[in-house]
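Keep the viewer open, try each task yourself, and then read the steps.

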Amino acid sequence: MHDVLLKITDLHVSYGKKAILRGASFDVRNGECLTLLGANGSGKSTSMNAICGFVKPVSGSISLNGTELAGKGPHTIFKQGVAQVSQARDLFPDLSVEDNLRLGAMQRGKGKAAQVLADIYDRFPRLAERRRQATRTLSGGEQQMVAIGRALMSSPLILLLDEPSGGLSPQFCEEIATIMDQLKSEGVTMLMVEQNLNLAFRAADRFIVLRDGQVVDGGDVAAMAGDHDAIVRNIYL
Amino acid sequence: MFLQLTLSGVSQGAIYALIALSLTVVYRSTTIVSFGHGDFVMAGAFLTYVLVVAIGIAFLPASLIAIVAMFLLGVAFSRGLIGPIRGGPHVGLALMSISFGFTLRGIARTVWGREVLPMPRVFDIDPIFIGSVVITGDALFIISIVAVLLVVFFTVLHFTDIGKMVQAVYQSERGARLIGIDVERFHNFSWGLGAALGAVAGVLIAPISLLHPDLGASFLIKGFAAMTLGGFGSLAGAVLGGLLLGVAEQYSGAYIDTTLIDITAYLLIIAVLLIRPRGLFGRKVVVKV
Amino acid sequence: MQTSTGTLSKRRRIFWLVPLIALALPLLTNPYTQFIANAMLIYTLVTLGFSVVIGNLGQLAFANTAFFGIGAYASAIASTNLGLPWLATVPLAGLAGAFGGFLASAAALRGIRLYYLAIVTMAFGELMRWFYTHTGVLTGGTDGLPVSRERDFGLALTSDTVQFYVFLIITCLLVAGTVNLLRSRIGRAIIAVRENEIATASLGIPTSQIIVTAFMWSGFIVGIAGAMFALHTGRVFPESFGLTQLIVNFAMVLVGGLGSVAGAVLGAVALTALPEYVRAFPGMEEIFFGVIVMVVLLVMPKGLASLLARVSPIFQQRYHRD
Amino acid sequence: MKFKPKKLGLLVGLALAATGSAAADETTGLTDDSIKIGVMGPFSGNASSYSKAEIGLMAFYQMINDEGGINGRKIVAVQEDTGCDPAKALAAAKKLIHQDEVFMLHGNSCSGAAVAIKPEIVDAGLPWIVAHAVSDTISVPPVENIFHGVPTGNTNGEAMAAFVLSKPDTKKVAIVEHSNDWAHSYSNPARAYLKGHGIEPVAELVMERGQTDATAQVLKLRQANPDFIIGALYEAETAIFLRDMKKYGLDTPVMGTAGTDLENTLKRVGDLDTVKNYFVLHPYVDNLDGPLMKKWADMIHKYYPDEELTNFSYISIGSGVALVEALKAAGPDLTRSKVMAELDKIENLDTGILSSTITWSPEEHRGAKSSAVAGFVDGQPTVLKAWNTPY
């Protein structure tokens, strides 16, 4: 039996009058990596933002280890152990790499911050070299490392990754994939939105497919091995 | 005469700098320019007056109480009046701050409208003479208080974790949410801080000026000019802009014509627009939408 | 905006109903209430002009009071220094106001936006006021400049009632003109610039020209309102065009409803009447104003116009921000 | 469709608030036991400190009423706010004349507002005594129904300049003023008077309202080195100007307007040394805290116990005394014409408060033609006729 870490039940989210999520339900289990697939506008990013508290659900439940998160503010949810690496990365451009990282632990995980910071520098030696540089001077891939590092600083129970490979060169995609492999091996629970299916299937244990704000398909990545076409068809058709 | 003008300009400019800084603190965190800020300055001065004259508290504790009270008023304003309409059109936000300031002014006017109130002299420091230049106790007092305040402010901002968090929110509000900062609370805090800094300016003006309900309006414009001059939204620029404006007023008054003193601020705003819209010190005009 | 021709003509009919009913108003007034009613017409134009720039074009420009003053002074100067009859000064005031609008739009074209634009345009207004104060030869300085109220083309303009009919005609024409402008391609482009300037430009619409047009139209109608104000008070003073005036105009736009033509009328009428009702409480006007605007912002952010829209869908104008 | 009735309702409601139209009637505003007088003043806005004048006037009315009124009639004052704003003042005047239907008007601080409403009042034809605003254009050329009950700008400016020149060897005079009509109403006649005596100002400077620093002005004055400075500044700016003069060691005498007084200026700047060379126009018979003024101070405090008294508080009372004389003389069968005729007959009336007597005639409606000056003599506020010459 897997124990469920994050349980989404019948989630409805709207922007104004426009309904984006219409009763989506899915679970994220401890230690796994779950990928959300779907066409543009199917509600992937909205799911992420709803979990983080950036948008308030109209109805439904988001429960982390039994604690209800729906309706809470983003800072409260963050303190419960949900960290997101957003699509735009949203770094602090004029602050140094080290400050960006350290800020990740200000609201959660302050006690272990020094240790985690050292771990992150081990993991991303390039960031250690550039720790005094302002993040706006970094390359896209390096910035993504800072974003992931910053999220890890809070020692989250679950890490949300919104398009981690977005806008990066193939070489960097490979690097990101390696990083994710490593995170998985360390047992970090991850929920990911990823357009790059190679990356998505390499990293993920399971996937679900969203369409028009509802879950229409899902399964084990291992079981579906080699049948990506079927999934792609399910996403876009 | 030149030195004397400069000195007096710096002393005036220190107050403009403080007001510009308080406006910028609010603007950088909330993207709202507080058009009612002059009245926060006025309210700070009046509160101090009431505490000193009517209740009989000594000036220093009275001004501290007034500053704290203005902090709380700023927070209350943010929570009660700005919060509900955040995300609406900016016109509404601008008018909300104008109306709140207008109301404060109206309250001051109904209570003390027909009086011009003198603040008792606080620091009767004898003026210092250096050659022909006079440094008065007031100037010394204002310049040193503002200097200390600025040093503390920028030290906290750049060298402490709290300051780093503040910078984080300034640079990316979404990023700040991603690291668990309660941005709404931060906005409220910023309004409080802005109101409190404005109140400090009011407290400093009170002993050298006289109190009347329209005290704040002209200082608001000076604050705007300083802010524009320094690059809209730059904290250090606001301070430098304030000092420059203070000095520019004195020079234009003494060397050209005294009718220009009052419009130096406007002329500078227009000149900056025409020549260098990003301000003298701004990297670029930070207009966050 | 999709409207069937049926609703459109219905709306047109309603539009002309208001002035028709208003024609009978002087029967019910004394010179004081007539004076206030005239002020309502003036402020209708002021508010409408302000609303075009703030509500429709979406630019936070505070130059409105400057246009108002420019119009008033243009009228008074033409009347006193050139000896023109008042009616002849009206188009001049409109053109002067439009020129003011052109100057103000220069700031917007330089990429100055939002609060920065607000501050720059505010500075423009205050500089104008300084100019009125310090060029006594032309403007009469702080003693003010009288406006000739001699008979114009057979009209006894000293009479508040005569003024009312003249103002009513001018106001109706300009309100109709504004409604038509906003319905035209230019009007739709103005809204498009507000919603997304870059996207609008990418459609090949000359956004700079649109911005200049909106500012100049705003300056034109507010400038004419200035000429009306000059006649209304008989003498113009620099102090009439200061920051308090700006705040009052601002409040009218917001209370009426941003970017709505009906709202401009309602806001002007309501907030011209209000100070007269609170005369009994001297010194309380600022508090009344402040509190009313704050309450409107909190409970009725789309202003009085939204009440109308609730009453009848005919008034559902899409000019304001949803 | 409900839009129209609603909007019209608002207008109609406003209209109905009016009680018929006002015919210019000789006895409008009169009953057997009351006279309705409209008192306009800047009760709100940034010039509201002037409205102390109207408060003093209304206290005077109440005193008259408590003493039994005039010919069996009591004065009913209808107070209206002008905010010192021309448009607002015009609305106030129209309201008093056509809606409240007062018998006459009395009061008015702020020259700009008074000048703006003048045509309206000329048309309406009811008596109007201007009790505070100083602009000569209000009463020159004389109009049948408009009377000026305070020393006007010309009188004031000349009195200021004459005092300045009464100091032996005054050759160089400088002027510091606000750029508003109030300041010009003092400074322009003073300039004219100086010019008549062959003196051109050595410096003409502006200090705007709201300025909290006068360094530039004071340093320029130090360079010009005048023998006397004429300062047409409001209360707050006067205090700041005097403080900065002291700060930079300039001890030239300063001649101020009737807009400030010695006692309150001393209170505001805090030390005698700063104001010892300050002189003000003083249109009263005694120091503000002198024995002859005490009864008037007591009178105002009887009806307005919390009122802080300044120079403005007393300025309108003199014209009130004159009005009461005229109303008494007009007898019980009062009409507007009779009151105006009686006002025109007032000659050399000692009001017991103004240092100038009041004289009105059909040819001259500026009633008060002189003003004394006050200054500190041996640390005591003293009313002066000329330099070193007590009144």
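**Exercise 1. A helix and what follows it**

Which residue takes a positive phi just after α8(D)? Then check the length of this helix and say where its residues lie. Remember as you work that the model is predicted.

*Solution.* 

Step 1. The residue is D:Gly249, with a positive phi of about 65°.

Step 2. Helix α8 of chain D covers residues 235-247, which makes 13 residues.

Step 3. Among the buried ones are D:Glu235, D:Phe241, D:Arg243 and D:Met245.

**Exercise 2. The same check in chain A**

Repeat the length check for helix α6 of chain A, residues 140-152. How many of its residues are buried?

*Solution.* 

Step 1. With 13 residues at 1.5 Å each, α6(A) should span 18 Å; the distance between its end C-alpha atoms is 18 Å, which agrees.

Step 2. Twelve of the 13 residues are buried, so α6(A) is largely enclosed by the rest of the structure. The buried residues include A:Gln143, A:Ile148 and A:Arg150.

**Exercise 3. A buried asparagine in a loop**

Find D:Asn145 and decide whether it is buried or exposed. Which backbone oxygens does its side chain reach?

*Solution.* 

Step 1. D:Asn145 sits in the loop between β5 (128-130) and β6 (146-148) of chain D.

Step 2. Its relative accessibility is 2%, and since buried means under 20%, D:Asn145 counts as buried.

Step 3. The side chain of D:Asn145 reaches the backbone oxygen of D:Ile121 at 3.0 Å. A polar atom of this side chain also lies 2.9 Å from the backbone oxygen of D:Leu126.

Step 4. Beyond its neighbours within four places in sequence, D:Asn145 is in contact with several residues, including D:Trp128 and D:Met340.

**Exercise 4. Where chains meet**

Which two chains share the most contacts? Describe the interface from the side of chain C.

*Solution.* 

Step 1. Four pairs of chains are in contact, and chains B and C share the most contacts. By comparison, no contact joins chain A and chain C, whose closest C-alpha atoms lie 10 Å apart.

Step 2. On the interface, 39 residues of chain C are in contact with 47 residues of chain B.

Step 3. The area buried between the two chains is about 3,700 Å², and carbon and sulfur atoms give 84% of it. C:Tyr115, C:Tyr116 and C:Glu286 supply 21% of the area that chain C buries against chain B, more than any other three residues.

Step 4. Now look for charges. There is one salt bridge between chain C and chain B: the side chains of C:Glu286 and B:Arg109 meet at 2.7 Å, N to O.

Step 5. Helices α5 (114-134), α11 (243-256) and α13 (285-299) of chain C each supply at least two residues to the side that touches chain B. α5(C) gives the most, with 13 residues. The residues on this side of chain C divide into 30 nonpolar, four polar and five charged.

Notes. Residues are numbered from 1 along each chain as its sequence is written. Chains are lettered from A and ligands numbered from 1 in the order in which they are written. This is a predicted model: local features need pLDDT of at least 70, side-chain atom pairs count only at pLDDT 80 or more; totals for chains, interfaces and linings use all residues. Side-chain values use heavy atoms; hydrogens and water are left out. Contact means heavy atoms within 4.5 Å. Buried area is the accessible area (1.4 Å probe) that two parts lose on being put together, summed over both. A salt bridge is a side-chain nitrogen of Lys or Arg within 4 Å of a carboxyl oxygen of Asp or Glu. Helices (H or I, at least four residues) and strands (E, at least two) are DSSP runs, numbered from the N terminus. Ala, Val, Leu, Ile, Met, Phe, Trp, Tyr, Cys and Pro count as nonpolar, Asp, Glu, Lys and Arg as charged, and the others, Gly among them, as polar. Buried means under 20% relative accessible area, exposed over 50%, partly exposed in between (1.4 Å probe, protein chains only). A polar contact is a pair of N or O atoms within 3.5 Å; within protein, one must be able to donate a hydrogen and the other to accept it, and residues adjacent in sequence count only if both atoms are side-chain atoms. The expected span of a helix is 1.5 Å times one less than its number of residues.
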